[in-house]
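Colleague: I have the files open and would like to go through them with you. Can we start with the terms and then work through the chains?
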Amino acid sequence: MDTTATKSIKTLHFGEINVEEKHIFTFKDGMLGFENLKQYVLISDEETVPFKWLISLDEPEIGFPLLSPWHIDLTYSPGREIDTDKVVLFVVVTLDSSKGQMSANMKAPIILDVEKQTGEQRILRSDKYSTNYLFPNKEDK
Amino acid sequence: MLVLSRKIGEVVTIGNSVKITVLSFDRGVVRLGIEAPKTIPVHRKEIHDKIVKMNKEASKTEFAALKHALTGGNMIFSEDNNGKNRKSADILFAQIKK
């Protein structure tokens, strides 16, 4: 496979960009609530570090902000059902602009299989994690 | 919708691999025992619906709003220094520089 092949896509967030095939992941079941959107490109913009973006190729106006769960909780441990040596994990972040509050869905992480370039959003069996975990905030201290 | 009546201890099968047993019924609460392969996710519908709602909200996040929230500097991030995502995570992403 030619790993340098690029594809031009028009995104709401980043304008028109060229993405390489190696950054495109297939979610065979889509994201929950977006079952028909199967192809996503992974984007990191220096202006929103440490967040990443999961942008739909089918509907490029759809984009999910992601964060490594360990950026939020160093003790995050999704359980034995996920082999963290083999996959890369992210969680979906929701921003409530009116309150300036962010929350992360720790209960349903995004699991990326790097070798196969596939991804899925899996609901963990464990009840340990919340679907809307509020970020620690400096004002809380 | 298919409607079946079952007594306590009786089972419904779905396909070749899923079995649902009625374990008990008490004060309006039915307890079900569900045997399914790991590849079939089984969850209470409320959890599923909540995640759909969270995803819908997240999918509308504006780049500028996130950037603004970040520049507020109110957020605290761990360093991810136990490095679970250390090796491969960054190279997966197309980098955008302004």
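Modeller: Two strands pair if DSSP finds at least two bridges between them. Helices (H or I, at least four residues) and strands (E, at least two) are DSSP runs, numbered from the N terminus. This is a predicted model, in which local features need pLDDT of at least 70 and side-chain atom pairs count only at pLDDT 80 or more, while totals for chains, interfaces and linings use all residues. Residues are numbered from 1 along each chain as its sequence is written, and chains are lettered from A and ligands numbered from 1 in the order in which they are written.

Colleague: Fine. In what order do the three strands of the open sheet in chain B sit?
Modeller: The order is S1-S2-S3, with antiparallel pairing. Strand S1 (11-14) and strand S3 (29-35) of chain B are the edge strands, each pairing on one side only. From one strand to the next, the twist averages 25 degrees; axes here are lines fitted to C-alpha atoms, for helices over the stretch in contact, and angles run from 0 to 180 degrees between N-to-C directions.

Colleague: How many bridges join S1(B) to S2 of chain B?
Modeller: Four, with strand S2 covering residues 18-26 of chain B. As an example of a pair, B:Thr13 has B:Lys19 in S2(B) as its bridge partner.

Colleague: And what pattern does chain B follow along the sequence?
Modeller: β-β-β-α-α-β, from two helices and four strands.

Colleague: What share of chain B counts as buried?
Modeller: 11% of its 98 residues. A residue is buried if 20 or more other C-beta atoms lie within 10 Å of its own, exposed if 12 or fewer, and partly exposed in between, with C-beta atoms placed from the backbone.

Colleague: What about B:Arg27, where is that?
Modeller: B:Arg27 is in the loop between S2 and S3 of chain B. Its phi is near 45 degrees, a positive value in a residue other than glycine. B:Arg27 counts as exposed because it has 4 C-beta neighbours inside 10 Å.

Colleague: Over to chain A. Which residues does the cis peptide bond join?
Modeller: A:Val49 and A:Pro50, with omega about 5 degrees. A:Pro50 lies in the loop between strand S4 (39-45) and strand S5 (52-56) of chain A.

Colleague: What is phi at A:Gln117?
Modeller: Near 55 degrees, which is positive in a residue other than glycine. A:Gln117 is found in the loop between strand S9 (110-113) and strand S10 (118-121) of chain A.

Colleague: Now the interface. How many residues of chain B are in contact with chain A?
Modeller: 39, in contact with 52 residues of chain A; two residues are in contact if their C-beta atoms, placed from the backbone, lie within 7 Å. On that side of chain B, helix H1 (45-59), helix H2 (63-71) and strand S4 (94-96) each supply at least two residues. H1(B) gives the most, with eleven residues.

Colleague: In which sense do S4(A) and S4(B) pair, parallel or antiparallel?
Modeller: Parallel, over three bridges. In S4(B), B:Ile96 is the bridge partner of A:Asp45.

Colleague: Last topic, confidence. What is the mean pLDDT of chain B?
Modeller: It is 86, and 87% of the residues of chain B reach 70 or more. pLDDT is the predictor's confidence in each residue, from 0 to 100. For the complex, the predictor gives an ipTM of 0.88 and a pTM of 0.85.
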